[in-house]
Amino acid sequence: MKAIGLAEFGGPDVLRVLDLPVPEAGPGEIRVRVHAAAVNPVDAMVRRGLAFVSDAAPPYVPGMDASGVVERIGAGTDTDLRVGDPVMAVVVVSGTRGAYAERLVVPAESAVRVPDGLDAVEAATLPMNGLTARMALDLLELPAGATVAVTGAAGAVGGYAVQLAKADGYRVIADAAPRDEALVRQLGADVVLPRGDTFPALARREVPDGVEGLVDTAGVAGPALRAVRDGGRAVSSVGGVEVPVERGIETRNTFVPRYARERAALDRLRRLAEQGRLTPRVARTLPAEQAAEAHRLLEAGGLRGRVVLTFAS
């Protein structure tokens with residue numbers, strides 16, 4: 001089968017077309033004929049040797065988001081999926097086991113049907129990004145009606161965080177650059193404030209005691225923590241959260257592989273997408289052979305949504 005991967009770490013140009021054996025689905029697993037795979041920041045980390053490479057030898061195949069069709073079900077697998085079902089899956093990368101491939105084997109719990117009304121490209125942006133946002137909100141452990149601040153709200157994970165927070169019954173204060181204000185309001189944020197250094201002070205005008213929780217998807221958790229009340233909670237989806245011990249703020253980081261078999265959470269994302277309460281955003285679609293260009297676009301920044309690689313069906 002064709003896959004896109006790398007034998008050595010480096011920039012986007014290390015990505016090559018590989019010819020790999022077709023993987024077999026074992027007990028508890030399904031094999032997916034991949035139609036689309038989203039390109040995420042963690043994929044660039046794999047490419048640079050910074051994530052998911054310690055337990056395997058090269059070549060490495062990136063990709064944590066996939067959609068396609070069930071092609072094979074492993075013996076004895078307990079699943080409601082059937083061969084031919086269109087599915088989306090979250091992938092825990094290990095060696096050649098990544099989403100940038102024509103065929104992919106995942107645990108049955110890591111896949112659900114593609115939401116009605118979405119095509120394969122749109123569905124490929126939902127599993128890993130949506131579960132990251134879901135995990136962030138779960139780690140906050142806040143009661144319904146609490147106020148949550150979301151940084152990076154115009155991005156893929158940030159947008160899902162806004163929409164999931166609203167679905168959970170939270171009030172949402174989000175940041176946005178001027179060109180993204182309308183988008184973030186459309187996603188459902190109750191209050192949209194300028195992104196940058198003024199965000200914490202402006203959030204405090206809205207909630208003088210500080211918000212109960214912060215979801216940081218922009219890597220600005222340190223400064224943004226000033227918006228959080230004493231004893232509040234903050235979760236980062238990009239790592240590197242500062243810990244202001246003096247104010248008793250509890251800080252955590254997401255690690256989506258821990259949710260890779262949380263099928264109920266993934267299926268709730270499916271239902272919310274069918275209801276129009278989660279909105280996949282595709283920045284651009286490229287054939288899989290142009291993965292290097294997809295990574296260059298990712299690292300150039302400024303995307304509002306995900307670049308998605310497609311494989312011929």
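Predicted model: local features only at pLDDT ≥ 70, side-chain atom pairs only at ≥ 80, totals over all residues.
**Aromatic pairs**

- The count of aromatic pairs comes to 2.
- In the pair formed by Phe 9 and Tyr 60, the ring centres lie 5.3 Å apart and the planes meet at 10 degrees, so this pair is stacked, the cut-off for stacking being under 30 degrees.
- Because Phe 9 belongs to the loop between strand E1 (2-5) and strand E2 (16-19), while Tyr 60 belongs to the loop between helix H1 (41-47) and strand E4 (65-73), the pair ties together parts that are 51 residues apart in sequence.
- Phe 9 is partly exposed, with a relative accessible area of 39%, whereas Tyr 60 is buried, with a relative accessible area of 8%.
- The rings of Phe 52 and Phe 255 have centres 6.4 Å apart, within the 6.5 Å limit for pairing, and planes at 15 degrees, so this pair is stacked.
- Phe 52 is placed in the loop between H1 and E4 and Phe 255 in the loop between strand E13 (250-253) and H8, so that this pair ties together parts that are 203 residues apart in sequence.

**Helix H8**

- Helix H8 (residues 263-274) has 12 residues, which at 1.5 Å a residue should span 16 Å, and the distance of 17 Å between its end C-alpha atoms agrees with that expectation.
- The buried residues of H8 are Ala 265, Leu 266, Asp 267, Leu 269, Arg 270, Leu 272 and Ala 273.
- The cover over these buried residues includes strand E5 (86-90), strand E7 (111-113), H3 and helix H4 (156-167).
- Just after H8, Gly 276 adopts a positive phi of about 80 degrees.

**Arg 134 in helix H3**

- Arg 134 is found in helix H3, which runs over residues 127-140, and this arginine is buried because its relative accessible area of 8% is under the 20% limit.
- The side chain of Arg 134 makes a polar contact, at 2.9 Å, with the side chain of Asp 138.
- In an α-helix there are 3.6 residues a turn, so residues three or four places apart point the same way.
- When neighbours within four places in sequence are left aside, Arg 134 is in contact with Leu 164, Asp 168, Tyr 259, Ala 265 and Arg 268; of these, Ala 265 is one of the buried residues of H8.

Notes:
Residues numbered from 1 in each chain as written. Heavy atoms only, no water. Helix = DSSP H or I, 4+ residues; strand = E, 2+ residues; numbered from the N terminus. Buried < 20%, exposed > 50% of the residue type's maximum accessible area, 1.4 Å probe, protein only. Polar contact = N/O pair within 3.5 Å; in protein donor to acceptor, adjacent residues only side chain to side chain. Contact = heavy atoms within 4.5 Å. Expected span 1.5 Å × (residues − 1). Phe/Tyr/Trp six-rings, centres within 6.5 Å; stacked < 30°, edge-to-face > 60°.
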